[in-house]
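Q: Can you walk me through this one? I'd like to start with side-chain packing, then look at the backbone.

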Amino acid sequence: MTLVVGVDSGGSGLRIALARAGDGTDEAGRLLETVTLREPVRTGPGGIDAGQLLDRLLPAVEAMRERAGERAGDEPVRAVAVGAAGMATLGDRLRAELPGALERAWGVRRLALAADAVTAYAGALGQRPGAVVAAGTGLIALGTDLSGWRRADGWGHLLGDCGSGAWIGRAGLEAALRAHDGRRGGSTALLARAEERFGPAAGLPGELYPRTDRAAVLASFAPDVAACAVAGDPVAEDVLARAATHIAEAAAAVLPVGTEGEVALTGGLLKLGEPLLAPLRAELRALLPTAREVAAAGDPLAGAVMVAGALAADALRLPEDPRLLQLTR
């Protein structure tokens, strides 16, 4: 038996898993331990900081191997899969530095560098064709027929991420400011929630615009929108209905023709519950009447472990892509 390492690097931190390699199926392999580091890997002018990622990854894995003791012994690490937010546009340093560094450290020659949407897909559907929508602060949809990838949205909170937590929060705050101004489409319930969370409405632009974490701040208001919808506020209900339409449209845009039509939803936004999920299920039925919604089997970290295990067993069927999934064998 050999070991594999899965990595999930995102805006909320770095998660690392050590597992025994599986048989190359959609199973993630048997986890030995996972470690969560709350501080995210920094991003600078050169993109994602490969040096900082390695400074955290290498000692974390060595410590896990030591703690595993006889369960791991001297087994080699055969493959590593790294799923990172921003890999498509900010991953040049990871692509340049990680293959050589991991080979020097562990003798690893099998490496998958993936966008976090790919590891989210792998965690949710494994290596089956279909579509996955990853919805949290942002939103991206990814689909494949196993010959190539189709992507929709994931353009950030200023240009897209329609239906995401940031989108819902921004729409809710807009409705709050409409109520503050006395314009149509406002919600006094959302105005009260906004002032409770952020202070006087008139000061909201000054509080929000200078921040570098605007998307996360906007998304923090999404649960307030859901709470107002549960209480029967029609404006909040409309915001969530429009978000559901956007999410379903993203799924429809990437679902490959001629497949069984499996669609999986994953991400923290689903924690909003029925106020969002009820209209979303209705929209999926309307837009994709022959598709089948399935529960996500696992999260992006499980997806990274699955990809690493399949790569170790020469059984990875997910398509390579220069930006979304780069493989070193």
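This is a predicted model: local features need pLDDT of at least 70, side-chain atom pairs count only at pLDDT 80 or more; totals for chains, interfaces and linings use all residues.

Q: Rings, then. How many aromatic pairs does the structure hold?
A: There are 2 aromatic pairs. One of them joins Y121 and W149, with ring centres 5.4 Å apart. The planes of Y121 and W149 meet at 85°, so this pair is edge-to-face.

Q: Are Y121 and W149 buried or exposed?
A: Both Y121 and W149 are buried.

Q: And what is the geometry of F198 and F221?
A: The ring centres of F198 and F221 are 6.1 Å apart. Their planes are at 50°, so the pair counts as tilted.

Q: Which parts does that pair tie together?
A: F198 belongs to helix α6, residues 188-198. F221 is in the loop between α8 (214-219) and α9 (222-230). The pair therefore ties together parts 23 residues apart in sequence.

Q: How accessible are F198 and F221?
A: F198 has a relative accessible area of 23%, so it is partly exposed. F221 is at 0%, so it counts as buried.

Q: What sits over the ring of W155?
A: The charged end of R151 does. It is 4.0 Å from the centre of the W155 ring.

Q: Back to α6. Which of its residues are buried?
A: L190, L191 and A194 are the buried residues of α6. They cover an arc of only 105° around the axis, so they lie on the same side of α6.

Q: Why would residues a few places apart point the same way?
A: An α-helix has 3.6 residues a turn, so residues three or four places apart point the same way.

Q: What do the buried residues of α6 pack against?
A: They pack against α5 (165-181), α9 and α10 (234-254). The face of α6 turned away from the buried side carries the exposed residues T188 and E196.

Q: What about α9, which residues are buried there?
A: The buried ones in α9 are A222, D224, V225, A226, C228 and A229. They pack against α5, α6, α8, α10 and α11 (274-287).

Q: Which residues other than glycine have a positive phi?
A: D153 and D161 are among them. For D153, phi is about 60°. For D161, phi is near 55°.

Q: Where are D153 and D161?
A: D153 lies in strand β10. D161 is in the loop between β10 and α5. D153 has a relative accessible area of 13%, so it is buried. D161 is at 8%, so it is buried as well.

Q: Switching to cores. Which residues touch the most other members in the largest nonpolar core?
A: V5, L57, V80, L98 and W106 do, out of 66 residues in that core. Helix α12 gives the most to this core, with 9 residues.

Q: Take L57. What is L57 in contact with?
A: Leaving aside neighbours within four places in sequence, L57 is in contact with V5, V7, I16, L102 and W106.

Q: What other core lies apart from the largest one?
A: Another core of 49 residues does, among them A152, A215, I247 and L284.

Q: Cysteines next. How many disulfides does the structure hold?
A: It holds 0 disulfides. C162 is at 25% relative accessibility, so it counts as partly exposed. C228 is at 4%, so it counts as buried.

Q: Last one: where does R317 lie?
A: R317 is in the loop between α12 (300-312) and β13 (325-328). It has 43% relative accessibility, so it counts as partly exposed. The C-alpha atoms of R317 and G169 are separated by 38 Å. R317 and G169 are 148 residues apart along the chain.

Conventions
Residues are numbered from 1 along each chain as its sequence is written. Side-chain values use heavy atoms; hydrogens and water are left out. A disulfide is a pair of cysteine sulfur atoms within 2.5 Å. Buried means under 20% relative accessible area, exposed over 50%, partly exposed in between (1.4 Å probe, protein chains only). Helices (H or I, at least four residues) and strands (E, at least two) are DSSP runs, numbered from the N terminus. Rings of Phe, Tyr and Trp (its six-membered ring) pair if their centres lie within 6.5 Å; planes under 30 degrees apart count as stacked, over 60 as edge-to-face and the rest as tilted. A charge sits over a ring if NZ of Lys or CZ of Arg is within 6 Å of the ring centre and within 35 degrees of the ring normal. The arc is that of the directions from the helix axis to the C-beta atoms. Contact means heavy atoms within 4.5 Å. A nonpolar core is a set of buried Ala, Val, Leu, Ile, Met, Phe, Trp, Tyr and Cys residues joined through side-chain atoms within 4.5 Å.
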